Amino acid sequence: MSVQNEAEKRNHRKLGAQLELFMSMEEAPGMPFFMPKGMIVRNELEKFWKEEHRKAGYEEIKTPIMMKQELWEQSGHWQHYHENMYFTDVEDQSYAIKPMNCPGAVLIYKSKRRSYRELPIRYGELGLVHRHELSGSLSGLLRVRSFTQDDAHLFVLEEQVQSELNKVLDLIDVFYSKFGFQYKIELSTRPEKYMGSMDMWNKAEEDLEKVLQQRNADYQVNHGDGSFYGPKIDFHLVDAIGRSWQCGTVQLDFQMPEKFNCEYIGEDNKAHRPIMIHRAIYGSIERFMAILIEHYEGNFPMWLAPVQVKVLPISQNHSEYADRVKGILLEKGFRVEIDDRIEKIGFKIREAQIGKVPYMMVVGNKESEEGKVSLRNREGKSQFISVSESISQMMNEDEMLR
Ligand SMILES: [Zn+2]
């Protein structure tokens, strides 16, 4: 099959409609609606994110979706990012809808006096942001106007920069491996227009590069591609058919702590400036979902599948037994549906296949008499086994996180 046909078969907009995951509406261009099944995938991704970040020593925060104009002037977004932002007025005061989460995290950092002993501070935020994109460029979940960044802002001492970068790279590896992605790394250095001193830039670029070299990472340098406030490392995922997608990013920032006058009290009892690290792993939940849908061709692994098992009674005589089986599965924590419509079993199986449900349990006379099920997997392989045996088989399939 040609790459183009392969890509079309995997198109996330098409599969998103077929699997009832999300929809795009004229009523809100570029702002996707998540349907019940899409919310399950989304929530599982967020649950995994929260759990891994908790283990990695992050604290979760949530900051307002709109904040006053003065804050955005102070952060520099007002001057540098104006045409991508949305605005509104409340009681004659001008507000901006946040295009980035950083200033909110800074305000929480600044909410009290900080000591060097508290650092590093790692704030994670699944933050809903809005950015204006031209309507012609909008596409499904890949190019949108509203999305949730899996953001984090780390406030660190200078001598912690390398070890914190290493930890971030470890965490990124945990995530991408989980989904079976290979990835490419790019280091972007000082652009022509930059803020801060040359010394700071040299130090920051050196830090990033040293970490990559120590890890023996394969990476490419993009000279002049960093953001105006600091150099960065970008991560490009390679999906099942070899396409690459930019997702994660790690950026060193000396400017924002300066602009907001962030401080900590050092061992010397004097005030010092922390260094800020901005980083995202999924990039955004929406974009990552689009990539996953195409990567898996809608065949989500068990832990992400919106419906994990579909119970299919052959006729109405088997509905009661099918209900009992469903009850047991629900009890065990499976996401299960029953198809008890008066339809031929072949039709029900086909529909479950179109819905890309990982497992079906067909139940008829023999099954209900012997207290068993015909467990059918995605490959069409069928086994006549007990309910408890089928449960342990399904639980063993790719780490179900339960
Ligand atoms: Zn940020």
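This is a predicted model: local features need pLDDT of at least 70, side-chain atom pairs count only at pLDDT 80 or more; totals for chains, interfaces and linings use all residues.

Me: Why is Glu 52 called buried?
Reply: Buried means under 20% relative accessible area, exposed means over 50%, and partly exposed is in between (1.4 Å probe, protein chains only). Glu 52 has 14% relative accessibility, so it counts as buried.

Me: Where does Glu 52 lie, and what does Glu 52 touch?
Reply: Glu 52 lies in helix α3, residues 36–55. Helices (H or I, at least four residues) and strands (E, at least two) are DSSP runs, numbered from the N terminus. Leaving out residues up to four places away in sequence, Glu 52 touches Leu 171, Val 174 and Phe 175. Contact means heavy atoms within 4.5 Å.

Me: Why is Gly 196 called partly exposed?
Reply: Its relative accessible area is 40%, so Gly 196 falls in the partly exposed class. Gly 196 sits in the loop between β9 (182–188) and α8 (198–214). Its contacts are Trp 201 and Gln 255, not counting residues up to four places away in sequence. Gly 230 is 34 residues apart from Gly 196 along the chain, and their C-alpha atoms are separated by 8.7 Å.

Me: What makes Glu 91 stand out in phi?
Reply: Most residues other than glycine have a negative phi, and most peptide bonds are trans. Phi of Glu 91 is near 45°, a positive value in a residue other than glycine. Glu 91 lies in the loop between β5 (86–90) and β6 (93–97). With 80% relative accessibility, Glu 91 counts as exposed.

Me: Is Lys 356 buried or exposed?
Reply: Lys 356 has 17% relative accessibility, so it counts as buried. Lys 356 is not a glycine, yet its phi is positive, at about 55°. Its place is the loop between α12 (345–354) and β18.

Me: Which peptide bond is cis?
Reply: The bond from Leu 119 to Pro 120 is cis, with omega near 5°. Pro 120 lies in the loop between α6 (102–109) and β7 (121–130).

Me: How do you know that the buried residues of α14 lie on the same side?
Reply: In helix α14 (residues 387–396), the buried residues are Val 387, Ser 390, Ile 391 and Met 394. They cover an arc of only 105° around the axis, so they are on the same side of α14. The arc is that of the directions from the helix axis to the C-beta atoms. On the other side, Ser 388 and Asn 396 are exposed. The cover over the buried residues of α14 includes β16 (309–313), α11 (319–331), β18 (359–363), β19 (372–377) and β20 (382–386).

Me: What about the buried residues of α1?
Reply: In helix α1 (residues 3–10), they are Glu 6, Ala 7 and Arg 10. Their arc is only 100° around the axis, which puts them on the same side of α1. The buried residues of α1 pack against α2 (12–18) and α10 (285–296).

Me: How is the protein divided into domains?
Reply: The domain assignment gives domain 1 (3–296) and domain 2 (309–396). Such bounds come from an automatic or database domain assignment. The C-alpha centres of domain 1 and domain 2 lie 42 Å apart. The contact takes six residues from domain 1 and five residues from domain 2.

Terms used:
Residues are numbered from 1 along each chain as its sequence is written. Side-chain values use heavy atoms; hydrogens and water are left out.
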